[in-house]
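Dear colleague,

I am handing over a structure for you to look at, and my notes on it follow below.

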Amino acid sequence: MIDFHSHILPGIDDGSARPEESEALLASLAGQGVDVVALTPHFYPQEKPLDAFLEARNRAFESLKPVLREGLPEVILGAEVYYYQGISRMEGLNQLRLGDTKLLMLEMPMRKWSESMIKEVIDISCHGNMRLMLAHINRYLPLQDRGCVEKLLEYGVLMQVNAEFFNNRDTVRTALKMLKKEQIHVLGSDCHNMEDRCPRLGEAVEVIRKKMGDAYTDSFLHAGYRLLDLKARRTE
């Protein structure tokens, strides 16, 4: 199982504050069956230069390395990049892709998206030598016009949802409906700490397994490995 969205890198954003907390988060995810974790710290392009962010991310990763051990998930560096108008022209944007892949996780503003915003997202996805993955799409849905997600899907934009979408009784029916319509591609814990924003990815997968069956669930999880060009392990 892959966690595509986490804030486990210590001391770089509002996620884990120290390596020991990061170790606890990784251990919790391992216990839920996760064997690959994308490290996706927040990057706000208008607040910090790219070079400064990459330096900070490297320092955070170096501080994490001593607690990485056998039995913990493999980690892959990436970022949760906040959208701003004109981001498609940002130099070095491809340096924020997830690991060695073409995947770029983009966090959209919590408001109704304009046609120009949607067009720019599509332009990046089609012409930027990247494949966009929108972070926690479940949070934006109530704010968007009908058909917005479908339009982005037509242009190959991937949709990531948080575990909470399946774990919350108020949203689980919508989550399962989107899953059946192939409007959800990957899951993320979006974990920040071991208190109020702890990882609950395993619970979400069990909801999917209970409602959709083993064959469907395993196929869905294996698709995540293919996106990263990795071979599935624990889910086999």
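Two strands count as paired if DSSP finds at least two bridges between them, strands being DSSP runs of E with at least two residues and helices runs of H or I with at least four, numbered from the N terminus. The model is a predicted one, in which local features need pLDDT of at least 70 and side-chain atom pairs count only at pLDDT 80 or more, while totals for chains, interfaces and linings use all residues. Residues are numbered from 1 along each chain as its sequence is written, and side-chain values use heavy atoms, with hydrogens and water left out.

Strand β8 (residues 158-162) runs parallel to β9 and is joined to it by three bridges, and in one of these strands, β9, L187 is the bridge partner of V161. Both belong to an open sheet of six strands with parallel pairing, in the order β3-β5-β6-β7-β8-β9. Because β3 (42-43) and β9 (186-188) stand at the edges with a single partner strand each, one side of each is left without a neighbour in the sheet.

In helix α1, the residues E21, S22, L25, L26, L29 and A30 are buried, meaning under 20% relative accessible area with a 1.4 Å probe, protein chains only. Their cover includes β1 (2-3), β2 (36-39), α2 (50-64), β4 (74-77) and α7 (201-212), where contact means heavy atoms within 4.5 Å. After α1 comes G33, whose phi is positive, near 100°.

Best regards

Technical notes:
Buried < 20%, exposed > 50% of the residue type's maximum accessible area, 1.4 Å probe, protein only.
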